[in-house]
Amino acid sequence: MPQVKIYSAAEHLANRRDLFIAALNDSLIEVTGITAEKIVYRFFPMAESDLCALGERSARFSVVEITVFAGRSAAVKTQLIETIFVQVEKHLQLTAVDLEIMLWDIPPGNYGLRGTTGEKLRSGT
């Protein structure tokens, strides 16, 4: 179950949450085959002074962090990141300069759901 966090200036996120969800859903579903119902989104609207983006970045600079269960190949992770860049530009007209993506693999012993750990769920015990 991917957990997605989106950090951006509050003014930028205000009316664009659905566009971020559409772009990321399209990417995650296309690349991993997961269903939309399994994706959890959390938005972090920030004051402009709390999201310091220097250099070429604009006030629309955004960071997307996706936490997934470990096990996907490097090729799949690369494809996912590349697809997200394409979909975010398509849905939000946000260029690659204004987007950073972090993909976190969580090993089975470091998550819990349905009352147990990922290791126990995977092993069936």
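Let me start with Ile106, which lies in strand E4. Helices and strands here are DSSP runs numbered from the N terminus, with at least four residues of H or I for a helix and at least two of E for a strand. This is a predicted model, in which local features need pLDDT of at least 70 and side-chain atom pairs count only at pLDDT 80 or more, while totals for chains, interfaces and linings use all residues. Residues are numbered from 1 along each chain as its sequence is written, and side-chain values use heavy atoms, with hydrogens and water left out.

Back to Ile106. Its relative accessible area is 22%, so Ile106 counts as partly exposed; that class sits between buried, under 20%, and exposed, over 50%, using a 1.4 Å probe and protein chains only. Leaving aside residues up to four places away in sequence, Ile106 touches Thr67, Val68, Phe69, Ala70 and Tyr111, where contact means heavy atoms within 4.5 Å. Ile106 is also 104 residues from Pro2 in sequence, yet the two are 10 Å apart in space, C-alpha to C-alpha.

Next, Asn25. This residue is in helix H2, residues 17-32. Is Asn25 buried or exposed? Asn25 is buried, because its relative accessible area is 14%. Its contacts, again not counting residues up to four places away in sequence, are Glu30, Ala36, Ile39 and Tyr41.

Last, Gln93. Where is Gln93 placed? Gln93 is in the loop between helix H3 (74-92) and strand E4 (99-106). Gln93 has a relative accessible area of 53%, so it is exposed. The phi of Gln93 is near 55 degrees, a positive value in a residue other than glycine.
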